[in-house]
Every structure is written in structure tokens, then in C-alpha cells.
Amino acid sequence: MQRFLLLAPFLFLSACDSLDPELTAESSDAPAASAGTNDARRFRPVVLSGVDGANLGPLIGSAPGDIVAFAYDASSGKFSQIPVQVDERFVYDLADAYEGITECHYDPVTNTYGNSCDNLPGHVVTLGYSDPQTAIGPDPTPTLDANDEVALLLSDFGSLGVGHPKKVVKTTRVQVAVAVGGTTYYAYLYRRSHPSLDPSARTDYVTNDFNLVNGSYSTYNIVGVPGNSGTVPPPGFGASNPENTVISGQSYSVDFADRWIMDGLRIGAPNSFSADLLDVDMIEFSGGSCGRTPYTASLGEGAIVVNRDGPVRAIRRVVGFNSGPLTDMTWTFYPYGFETFVNYRVHPIGVSIRSFLDLSDAVTTHTYNAGGDPATVSWQTMALPGLGGWAIVNDVRTNIAFSPAPAFFYRNDAGPACPFDNTYFRAAHGVQVPDQPTPNTDPRRGPAQYLTFRRTFGFGPDPGAALTALQAPLSVQTTPSPNP
């Protein structure tokens with residue numbers, strides 16, 4: 001296996017009751033005050049799952065809405081409630097998103113169906129998020145099991161706890177200890193004993209305003225637009241399922257115009273976001289000729305797999321990128337950053353693959369930096385005067401022996417760009433696999449290798465500080481501890 005850098009900016013450990021007798025410490029039902037924006041912990045979610053070793057035993061079998069979390073303040077001797085989110089997962093066939101359609105691209109000229117979607121089912125069976133609102137459907141196990149994820153924010157953690165908070169089942173207590181930078185922080189999970197405790201702790205760090213222009217998901221045009229497989233529309237025109245979706249955290253907001261088209265990015269704070277800084281988050285095949293992009297991908301067959309919104313994070317997953325109908329991408333949005341993960345599953349190609357942010361005309365001055373092992377892809381930062389900026393940690397995972405290896409992509413010039421995007425590159429930065437043959441990565445077509453691009457973003461006034469925080473190693477331990 002060839003591996004181009006592995007960093008872990010976000011940690012994913014996918015690791016007869018009594019009702020509230022006398023407490024051994026004073027407690028509070030009030031939500032905890034989150035750490036300030038100068039606290040590097042704000043960039044770090046803690047995601048627990050039994051699949052990756054988290055010991056959530058006392059909570060297994062609980063209804064997701066009954067799981068609550070607390071932090072302890074040693075100075076006051078009190079617990080305060082903090083937000084927690086349970087995202088259910090189960091093993092399913094990614095092709096289920098196509099609702100059983102196995103031949104799905106119609107050519108009106110020849111009056112035939114193409115084969116982009118032939119023989120889809122059974123080739124990508126994976127542990128993935130459930131979604132009752134999409135064709136994937138709900139988790140068949142409606143209670144917490146080892147597959148599911150429990151998400152918290154490290155900035156909400158507190159001191160080593162003594163006693164128990166109110167309105168919880170004491171014997172279900174799970175201590176979550178996270179060590180970073182020489183300090184250990186703690187949070188406590190319980191099953192609630194009273195419905196007045198809301199898992200969100202009356203907090204919503206991330207909002208997902210999903211808005212399909214043509215209506216609800218039940219009207220989603222899953223078979224693509226006849227005759228448009230090879231055309232390149234202007235933004236927002238001719239797309240099969242246009243959107244006006246806005247997803248916002250505490251330090252950024254992004255827009256989606258269609259399944260693959262993220263074409264808006266504003267930074268700052270919720271009441272004072274900047275102007276739109278992004279033309280498009282580009283995935284480009286065909287050696288710079290823009291033959292296959294998020295625009296053409298959104299025209300073709302595909303579906304929204306997951307669209308979730310919770311107090312800690314929002315999750316968006318889509319599938320179907322032109323002749324890679326099993327290519328999928330997941331975005332996971334947190335308050336001060338987000339992560340993207342693309343699994344490329346496509347026939348052999350002989351051109352470059354690029355993934356980059358092409359910025360808008362609102363970016364008039366910027367400072368771009370990139371670094372890490374010069375033989376690999378590592379990190380990038382973008383600083384914008386008066387606005388702050390962002391840090392990106394890149395991770396390319398593959399067993400393909402690329403030569404030359406994947407590398408940084410950066411252009412800021414008047415050279416040709418895609419006609420539907422802009423007439424030039426504006427501080428475009430990301431990762432590319434240079435022009436060379438890429439073998440089959442589609443399991444429908446026989447033996448397949450793998451290629452994934454992962455990016456983790458942190459937004460804030462100091463991109464360098466964000467980068468340091470994103471790369472700081474974490475150690476997480478979960479311990480069932482009903483009697484502290």
C-alpha cells in the first residue's frame with residue numbers, strides 16, 4: 001500500500017437500574033458554558049463508536065434520544081449538561097440509494113439506456129449512516145449499538161467528576177477522558193431518567209438548512225437528466241436537482257447548489273460572516289479540460305445518501321459522479337471546521353485528478369502556505385487580511401503506486417479555468433494526482449484498487465493556530481464507572 005501522510009486532526013473512535021438517589025455532589029441542570037474562541041480544543045470533536053474500541057457498554061440498548069452528557073466543574077463542584085449527538089449506522093449496500101434502479105441513464109438520441117449504472121448492487125457494502133428521509137432508510141436497530149457513533153466537542157469537556165448529576169440513571173455512567181497537550185479533560189455520558197433533559201443541552205452548534213428547489217427528497221430526480229450527460233451547464237442551470245442549501249457552524253457557512261456543487265463559503269461569526277469567498281469546491285478530471293466536474297456529476301445519475309442535522313454536527317453524503325456511479329463523498333460539519341472524504345470508484349483513467357477550492361473575486365489579497373514532507377501531501381493554510389482564514393490537513397489514501405506522487409495544487413493566475421466557473425484561477429488550492437494512468441477503482445469492473453481524498457478544515461482568526469490544534473495528537477479512553 002502506498003500512503004501519502006496520515007494525520008488525525010479529528011478523532012474518530014468509532015469504541016435493574018435505580019433512579020437518581022441522593023447525590024454525592026451538588027449538580028446543575030444548566031448547560032455548560034462552551035470554551036472561548038481562543039481555546040484550541042474547539043477544533044476537535046470526539047466521536048466514539050464500539051466498532052473502534054470505545055467502551056459504551058452501560059449505554060448499549062438505550063434510545064438515542066435518552067443519552068445525555070455532562071461536564072464537571074471542580075471549582076464549583078457542579079455538573080453542567082453539554083450537547084451530545086448519536087448518529088445511527090448500519091451495514092448497507094451503497095446502491096440502495098438508487099432505489100433499485102440498475103440501468104438509469106437514458107439517451108434520447110439512440111432511445112437506449114447507457115451502462116453507467118448497470119450492475120450496481122452488492123459491490124460496495126459498507127457501514128454507513130442511516131437516514132429515514134432518504135432511500136437508505138432508518139437503522140434496523142433503533143437503539144444504541146456498537147455500530148453507532150456518539151459525538152461530543154472537546155471544548156465542552158471539564159474536570160474529573162465527583163458524584164452524579166440529577167435526572168440520570170447512575171449505573172449507566174461512562175467516563176470519557178481525553179488527553180491532549182499534557183492535560184486530560186473529562187465528559188460523562190448517561191441515560192437520562194427524566195424527559196426534561198434534552199441531549200442537545202438547548203444548544204445547536206451547526207445548522208443544516210437543506211432546501212431542494214424542486215421539492216422534497218421524494219421528488220428527487222434519481223435517474224438524471226436525459227441527454228445532458230456530456231454537457232456543461234452554467235452554475236445553477238440545468239442541474240437535475242438544484243438546491244439552495246446552507247450549512248453554518250460558528251466560524252463559517254457554506255452553500256450547495258446541487259448534489260456535488262459547494263459554491264459558497266463565508267467566514268467569521270454567525271452575525272458577521274464575510275462576503276462569499278468561494279467560486280466552487282472543484283473535483284476535476286481530464287487534465288484541466290474540465291471534462292468531468294461537480295457540474296457534470298450533478299447532472300447525471302446519483303442520489304443523496306445521508307442528510308443529517310444535529311446539535312454537534314451535520315452530515316451530508318452523496319453518491320454518483322458521472323461514469324463513477326459508486327463514487328461517494330461525505331461532508332461532516334462541526335462548529336469550527338469540517339471534514340470531507342471522497343471515495344473514487346471509477347473505470348481506468350489516464351488524466352489528472354484535482355480537488356481544490358477555487359476562490360471568488362471577493363478574495364483580493366491572500367497569503368497561501370503549504371508544508372509537510374515535500375514528497376507527500378500534508379497541510380495548507382490560507383490567510384485573508386481582516387478576515388482570518390483556514391487551515392487544511394490533507395490525507396490521500398491509496399494502494400496505487402503513483403509516480404509522481406499526489407502533490408499540492410495551487411494556481412492564482414489568468415490561465416484558463418472552467419467556463420462555467422470563472423475565466424481564471426483565484427487562489428485555487430488543493431491536491432492533485434498529476435497526469436498519469438490510474439487503474440480501475442470501481443469494484444463492478446473486476447479487481448479494484450482504492451483512492452480516497454480526505455481533507456480536514458479549521459476556520460478562525462489565526463490559521464496557523466488552527467493548524468497546530470488540528471494536528472495535536474489526542475488520546476481517548478472510555479470507562480464505564482457507575483460509582484466514582
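Reader: How many bridges join strand β19 to β20, and in which sense do they run?

Author: Strands of a sheet pair through backbone hydrogen bonds, either parallel or antiparallel. In this predicted model, β19 (residues 303-309) and β20 run antiparallel and are joined by six bridges. Strands are DSSP runs of E with at least two residues, helices are runs of H or I with at least four residues, and both are numbered from the N terminus. Two strands pair if DSSP finds at least two bridges between them. Residues are numbered from 1 along each chain as its sequence is written. Local features need pLDDT of at least 70, side-chain atom pairs count only at pLDDT 80 or more, and totals for chains, interfaces and linings use all residues, while side-chain values use heavy atoms, with hydrogens and water left out.

Reader: Which residue of β20 stands opposite Asp-309, and what is the bridge partner of Ala-314 in β21?

Author: Asp-309 faces Ala-314 of β20, and Ala-314 has Phe-333 as its bridge partner in β21. Seven bridges connect β20 with β21 (residues 324-334), again in an antiparallel arrangement. The hairpin of β19 and β20 has four residues between the strands. That of β20 and β21 has two, and Asn-322 in this turn has a positive phi of about 55°.

Reader: Why is β20 largely enclosed by the rest of the structure?

Author: Eight of the eight residues of β20 (residues 314-321) are buried, so this strand is largely enclosed. Buried denotes under 20% relative accessible area, exposed over 50%, and partly exposed in between, with a 1.4 Å probe and protein chains only.

Reader: Which residues of helix α2 are buried?

Author: An α-helix has 3.6 residues a turn, so residues three or four places apart point the same way. In α2 (residues 463-471), the buried residues are Pro-463, Ala-466, Leu-467, Ala-469 and Leu-470. They cover an arc of only 165° around the axis, the arc being that of the directions from the helix axis to the C-beta atoms, which puts them on the same side of α2. These buried residues pack against β25 (379-384), β26 (388-398) and β29 (451-460), where contact means heavy atoms within 4.5 Å.
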